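Let's sit down with this structure and learn to read it one feature at a time. Ask whatever you like as we go.

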Amino acid sequence: MSWVEIRNLQAIPLAEIPRLPIEGLRLQLIEKIKRGGRLVQFFGDKSSDGVVLFAVVADDNASRLYVASSSFTAERVYRSITPEAPSAHLFEREFHEEFGIVPEGHPWLKPVRSSIPGIAGDETPYEFFSMEGEEVHEVGVGPIHAGIIEPGHFRFSCHGEKVYQLEIKLGFQHRGVEVLFVRNGGRPIYLEKLAESVSGDTVIGHAGGFIRAIESLADTVVPRRAKLIRTIALELERTAVHLGDLSALSGDVAYLTGNSVFGALRTRVINTTMAICGNRFGRGLLKLGGVNFDITPQLRDKIASMIDELDEDVSLAAEVLFSSASVLERFEKTGVVNRETAAAIGMVGPAARASGVKIDVRSDHPFGGFEFIPVHKLTLEGGDVFARAYIRFVEIQQSIRIIEEQLSGLFAGDMKNELGQLSKNSLVVSLTEGWRGEIGYVVITNADGKIRKVKVKDPSFHNWLALSLAVREEGISDFPLCNKSFNLSYCGFDL
Amino acid sequence: MMAVVIVLALMTVSPFFFIGLINKVKAVWAGRKGAPLLQPYYDFFRLLKKGEVISGTTSIVFKIAPSVNISAVLFALLIVPIPLIGSVINFQGDFVLFAYALGLAKFFTVAAALDTGSSFEGMGASREVTYSTIVEPAFFVVIGSLALLTHQISFDSIFAAVNFSTHYTALIKILLVASLFIMLLAEGSRVPVDDPNTHLELTMIHEVMILDYSGPDLAFIQYAAALKMTIISILIADLLVPSYLGLLPTLAVLAFIMALVFLSVGIVESLIARSRISHIPQFLFLMTTLSLTAFAVIAFFLFGVIG
C-alpha cells in the first residue's frame, strides 16, 4: 500500500490515510528518507483500540507530502527507525515518552520533556551521559540562567576549555499546549490566543500555521487582502527577530556598535507591527478566517517609508559588522555544522540554509500569500556562526523586498470571511516558514467535526541537536555565541 | 607631606569615577544617554548597605579574600610613584613588592573562586591564572627596561630619572606605554581580554570568579578592581608626565593623562569585539613583545651591547 500524497494545507479524510503494519511503515519511511525525503511529523494519536502512529514525509522538490499511519493495539515494541534515519531520533523519543511504546534499538532513548526533578515526585531522575577521566570535568548550566532567558539545562563534558560533548535537557516549560488546543477547542478566540503563545517570539508564525490548518479543514477561503496582510506581518516578524539576533550576536562578542545599532533597527520594525495591530509582536492580528486589523493607505505609506529607510540602514550596519576583523575572528569557523550532518539530523530554517541545505517552506510548500510570491531559497556553505549571522542579513533583505512587493499589491477587499464547519474525521498538515524555520501543525478532527488532536512542532524541535553537535570540539566559552546563532525556543520545544 | 596625603586621598576615591568615564564613553558611542558619571559610586554605597549571602560550602578563605584583596591593592597604591610626589614606601627593588602585592590580591580572588567549588568559578580561576603567567613576566620586562635605562632599581628613582630626553626615549616610552595599556586591559578585565558587561557565565573571566559574592564583599572587590586599573594608569602617566612643571600643573597633567587612558579603554571597548578565549594569549604576548623590544632598543642603542 502506498502513502497518500497531499499538498501543504490540503485536508484529507482520515479514511484515505493508509494503515500499514509498523515494520512496513518503518521500511518505507527509511526508504523515503534515503531518497531525499524529509521527516516532517511523526506522532501518535490515542484511538479507541490503542495508539495510531502517523508519519509525514516531505518531498521538498515536488512540493508534496506523504502520509501513512500504523496502529499499535497489543504490541508495545517496534524496531527503531533512528539508526538508519537519524532525523527520526527526537520524534521517536517523543512517541515513546507519550505512549510508552518502545522503539527497540534506539540509541538515545531518553525523556524529552518529562523527568524534571521536583515536578512529579515519582519520576525517575534523568541520567546524563557522563565521561570518566582524571582531566575530564563537567559543567552544568541552568535551568536558571544569569540573564533573562528561558530555562534549559546544559551539561558539558570538557577537557580544559574544550567541549567533548554537550547534552541538553529541556522540558522545564511544558505547559500541555497540545492538550489545551483540544480541551478548549470550541472557542475560536481561545485557539487563536493559544497558538500565538506557543512561542512568544513567533506569534505570527505559530498563529498563522495553526489558523491556516483550521481554515483548510473548514474549507474557508481567506480574502486576498487578508493573505497579503498576513504575509507582511510574517515578514515583519522575520525581519524584527533577525535584527534582534544580529544585535544579540554582537552583544555576545562584546561588539558594542552592532549591539546598539541592530537593536535600534529592530525597534523600528516591531513598532511598525504595533502600528498595524497595537502589539509589537503581532498579537491579536491574525484571526480564523482573516485578520483583525487593516492596513489603511496612510499606514501603507508609513510602512513603505519605514521599510525604505530600513533597507539602507541595515545594509550599512551589516557592512560595518561583517567587515570588523574582531567580529569575524569570533564568528568564522565557530560552531560548524556541515551540510551532511545538517541534512541527516533534519535541520530546518536559516540554520539549515547556513549549512547549505536548500529548504524553505515558503518556496517548497507555499502557504497563504506565498502561493503568489516566488521565494528564492538562499543558502550559504560555511555552517558556522558567521554563516548563521550572514544568512540573517540576506534574509532581512529578502523580507524587505517581499514586504515592498506586498505593499504595492495591497488592493481593496475584505479582511475576513466566516469560518465554516470543520470537515469530519479529517487530517490536515500545515507547514509554515517562521523566522526560525519550519513550523508544523497537524490537526485531526473527530466524527462531530471537532478538534480531536493537534500536533505542534516548533522548528527548535529539529535544531536543538544541531547545537549540541556544533559545540563539539569547540571552546566552552564559545557556547553562548553558538547558542545565540541558533536562537532556539525552549517553550516552543517544551510545548 | 600634606600634598602626599591629599593626592593619595584623591587617588583612593577616584577609581569609580574612571569606571564611570569608561561607561559614559561606551554609552555615547552606542547612542545612549548612559548612566550618570558617578553611578559606580552609587552602586558601591548601595552594595555596602546590603546583606550578604555566603555559600555553605565555602571556608574562611572565601570570607577573608575580599578584605585581603582590597588591602593588598591599597598597599600597592602606597608603592606606586606619583609624579613629583613620589611614593610612600620605597626601597631598592620595591617594584617586586608592588607586583606581588597585586599578585596576592589575585591569589586570594582565585583561591576564593576555587573555594566555592563551582565549576564556573573554577574555569574563571583557571583562565585568570593562565593569563597572569603571561602578563606578570612582561611587567617585569617593562620595569627591567626602565631600570636598565635609568640605572635605578626602585620605582621612585626609576620614574624620577626616566624623564630625561634623548632620541630614543620617545620610542621607548611609546613601546612601554602600549605595553602597560595592554596590562591595564588584562588586569582590569576589559575588552578584548574579558567582557565586563556580559551575563554569559561561560565566557567570563573576572566576573565569574566573584559570582558568589554579594553585598559589602562585592563592593570591596569592585573597588579593588577599579583601584588596580587606576594604579596601572598612574604607571602609564609616570612615563608621560613631564618633569619640569610645578606641583599643581603636574597633578593636572597627571589627572588629564589618567582620564585619557580610561577614555581610550572606553574607545577600545566601543570599537572592537572581545577576542576568542583561545586567542587571548596572542594579544597578551603583544605586551611581552613590546616590552622586549623596548628592552632591546635600550640595550642596543643606549649601551651598544646586549648583556
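**Reading a two-chain model**

Q: Where do we start, and what does the radius of gyration of chain A tell us?
A: A compact globule of 495 residues would have a radius of gyration near 23 Å, and chain A, with 22 Å, agrees with that. Keep in mind throughout that this is a predicted model. Along the principal axes, the C-alpha atoms of chain A fill a box of roughly 65 × 65 × 45 Å. Buried residues account for 54% of chain A. Of its contacts between residues at least 6 apart in sequence, 68% link residues at least 24 apart.

Q: Which elements make up chain A, and which make up chain B?
A: Chain A has 16 helices and 15 strands. Chain B, by contrast, has twelve helices and zero strands. The radius of gyration of chain B is 19 Å, close to the 19 Å that the globule rule gives for 307 residues, so chain B is as compact as a globular protein of that length. Its C-alpha atoms fill a box of roughly 60 × 40 × 40 Å along the principal axes, and 47% of its residues count as buried.

Q: How should I read the two faces of a strand?
A: The general idea is that side chains in a regular strand alternate between the two faces of the sheet. Now look at strand E13 (residues 426-434) of chain A, where nine of nine residues are buried. A:Ser426, A:Val428, A:Ser430, A:Thr432 and A:Gly434 point one way, while A:Leu427, A:Val429, A:Leu431 and A:Glu433 point the other way.

Q: Which strands does E13(A) bridge to?
A: Strand E2 (residues 12-13) of chain A is joined to E13(A) by two bridges, running antiparallel. There, A:Ile12 has A:Leu427 as its bridge partner. E13(A) is also joined to strand E14 (residues 437-445) of chain A, by eight bridges and again antiparallel. In that pairing, A:Ser430 has A:Tyr441 as its partner. A hairpin of two residues leads from E13(A) to E14(A).

Q: What is the strand order in the open sheet of three strands in chain A?
A: The order is E8-E9-E10, with antiparallel pairing. Strand E8 (136-141) and strand E10 (162-169) are the edge strands, each pairing on one side only. Direction ignored, neighbouring strands of this sheet are turned by 20° against each other on average. Strand E9 (residues 153-159) of chain A is joined to E10(A) by seven bridges, and A:Ser157 stands opposite A:Gln165 in E10(A).

Q: How do I read a helix?
A: An α-helix has 3.6 residues a turn, so residues three or four places apart point the same way. Just after H2(B), B:Gly31 takes a positive phi of about 80°.

Q: How many residues of each chain are in contact with the other chain?
A: 26 residues of chain B are in contact with 27 residues of chain A. Helix H2 (15-29), helix H6 (119-150) and helix H11 (247-271) of chain B each supply at least two residues of the side that touches chain A. The residues on that side of chain B divide into ten nonpolar, ten polar and six charged.

Q: Are A:Asp219 and A:Ala254 buried or exposed?
A: A:Asp219 is exposed, because it has 12 other C-beta atoms within 10 Å. A:Ala254 is buried, because it has 25 such atoms within 10 Å.

Technical notes
Residues numbered from 1 in each chain as written. Chains lettered and ligands numbered in written order. Predicted model: local features only at pLDDT ≥ 70, side-chain atom pairs only at ≥ 80, totals over all residues. Contact = placed C-beta atoms within 7 Å. Helix = DSSP H or I, 4+ residues; strand = E, 2+ residues; numbered from the N terminus. Nonpolar A, V, L, I, M, F, W, Y, C, P; charged D, E, K, R; others polar. Pairing = 2+ DSSP bridges. Axes fitted to C-alpha atoms, helices over the stretch in contact; angles between N-to-C directions. Rg over C-alpha atoms; globule rule 2.2 N^0.38 Å. Buried ≥ 20, exposed ≤ 12 C-beta atoms within 10 Å, placed from the backbone.
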